[in-house]
Amino acid sequence: MFIKPLKKIYWSIPILFACLLLSACGSEPTSSPNGNNNTVILSGETVSGVSQKGPFIKGSTVKLYELDEKLHQTGIHYSTTIDNDEGKYHIDNVVLTMPYAWMVVNGYFLNEYTGKISSEKITLNGLVKVEKGKDININALSHLAFNRINYLVQQGLSIAEAQKQAEAEVLKAFDFEADETSFENMDIFANGEGDAKLLAISLL
């Protein structure tokens with residue numbers, strides 16, 4: 001079993017705080033219009049996935065902001081509203097010329113342990129790679145890695161390098177080893193090892 005005893009995980013939480021302090025050096029992507037890239041990543045396709053602490057419920061909002069290679073907003077953005085209680089979303093007719101995006105979900109969610117609706121709304125972020133036909137998930141782990149990725153990119157790392165490093169650091173803070181599955185591909189209801197790590201951390 002890869003899941004360590006909860007007592008050991010609790011000892012790792014102070015390490016997470018240190019990780020988050022480092023991530024505080026970063027900031028959310030800034031606005032910086034551009035339009036000089038003629039490569040089309042998506043041309044009228046649908047972007048979909050699940051948004052989870054537990055699953056976000058009907059009426060929650062999901063937004064997508066296109067980002068350039070320095071994580072600046074390009075000015076292209078889309079939004080949708082979740083129309084069920086399973087956290088699933090879809091944004092239709094998306095046109096992007098950059099492969100990365102900032103995803104934001106805001107709303108109430110079903111507690112993954114009790115099944116009850118949360119008493120307050122929360123917001124989760126994710127810095128994701130957009131590809132045709134690929135689901136993109138927003139969750140607690142993508143949120144924890146978000147600012148750290150941005151900080152590392154501003155320090156000179158590529159987005160891919162920053163994402164890999166930040167995700168490994170977040171998992172290490174909970175005494176888990178780095179996972180081959182990116183946070184944006186994890187789902188608390190799926191059966192992979194990375195999915196189990198996401199569920200365990202979400203429950204904490």
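**Fold, cores and selected loop residues of the predicted model**

Leucine 71 is placed in the loop that links β2 and β3. The structure described here is a predicted model. In the hairpin formed by these strands, five residues lie between β2 and β3, and leucine 71 adopts a positive phi near 65°. This positive value occurs in a residue other than glycine. Leucine 71 has a relative accessible area of 0% and therefore counts as buried, since the term applies under 20%.

Of the 204 residues in the chain, 45% are buried. Among contacts with a separation of 6 or more, 69% are between residues 24 or more positions apart.

Four strands form an open sheet in the order β3-β2-β5-β6, and their pairing is antiparallel. The edges of the sheet are β3 (73–81) and β6 (122–129), each of which pairs on one side only. On average, neighbouring strands of this sheet are turned by 20° against each other, direction ignored. Strands of a sheet are paired through backbone hydrogen bonds, in either a parallel or an antiparallel manner.

Two of the pairings can be followed in detail. Strands β2 and β3 are joined in the antiparallel sense by six bridges, and within this pair lysine 63 stands opposite serine 79 of β3. Strand β5 (residues 100–107) is connected to β6 by eight bridges, and these two strands also run antiparallel. Here tryptophan 102 has leucine 127 of β6 as its bridge partner.

Helix α2 (residues 140–154) lies across β5 and β6, and its direction makes an angle of about 65° with β6. The axes of α2 and α3 come within 8 Å and cross at roughly 135°. The crossing of α2 and α3 is right-handed. On the α2 side, the residues making the contact include Leu141, Ala145, Ile149 and Val153; on the α3 side, they include Ile159, Ala162, Ala166 and Val170. In general, an α-helix has 3.6 residues a turn, so residues three or four places apart point the same way.

Helix α4 also takes part in the packing of helices. Its buried residues are Gly194, Asp195, Lys197, Leu198, Ala200, Ile201 and Ser202. These buried residues of α4 pack against α2 and α3.

The largest nonpolar core comprises 27 residues, and those with the most contacts inside it are Leu127, Leu141, Ile149, Val170 and Phe183. At least two residues of this core come from each of β2 (61–67), β5, α2, α3 (159–173) and α4 (193–203). Helix α2 gives the most, with seven residues. Phenylalanine 183, when its neighbours within four places in sequence are left aside, is in contact with Asn137, Asn139, Leu141, Ser142, Ala145, Glu167, Val170 and Leu171. A second, separate core has 20 residues, among them Leu42, Phe56, Met103 and Val130.

Two further loop residues were examined. Serine 51 is located in the loop between β1 (42–50) and β2. With a relative accessible area of 0%, serine 51 is buried. Apart from neighbours within four places in sequence, serine 51 is in contact with Phe56, Ile82, Gly87, Val105 and Ile138. Although serine 51 and aspartate 187 are 136 residues apart in sequence, their C-alpha atoms are 8.8 Å apart in space.

Aspartate 175 is found in the loop between α3 and α4. This residue has a positive phi of about 65°, although it is not a glycine. Its relative accessible area is 24%, so aspartate 175 is partly exposed. Leucine 71, by contrast, is buried at 0%.

Note on methods: Residues are numbered from 1 along each chain as its sequence is written. This is a predicted model: local features need pLDDT of at least 70, side-chain atom pairs count only at pLDDT 80 or more; totals for chains, interfaces and linings use all residues. Side-chain values use heavy atoms; hydrogens and water are left out. Two strands pair if DSSP finds at least two bridges between them. Axes are lines fitted to C-alpha atoms, for helices over the stretch in contact, and angles run from 0 to 180 degrees between N-to-C directions. Contact means heavy atoms within 4.5 Å. A nonpolar core is a set of buried Ala, Val, Leu, Ile, Met, Phe, Trp, Tyr and Cys residues joined through side-chain atoms within 4.5 Å. Buried means under 20% relative accessible area, exposed over 50%, partly exposed in between (1.4 Å probe, protein chains only). A crossing is left-handed if the near helix is turned anticlockwise from the far one by less than a right angle, and right-handed if clockwise.
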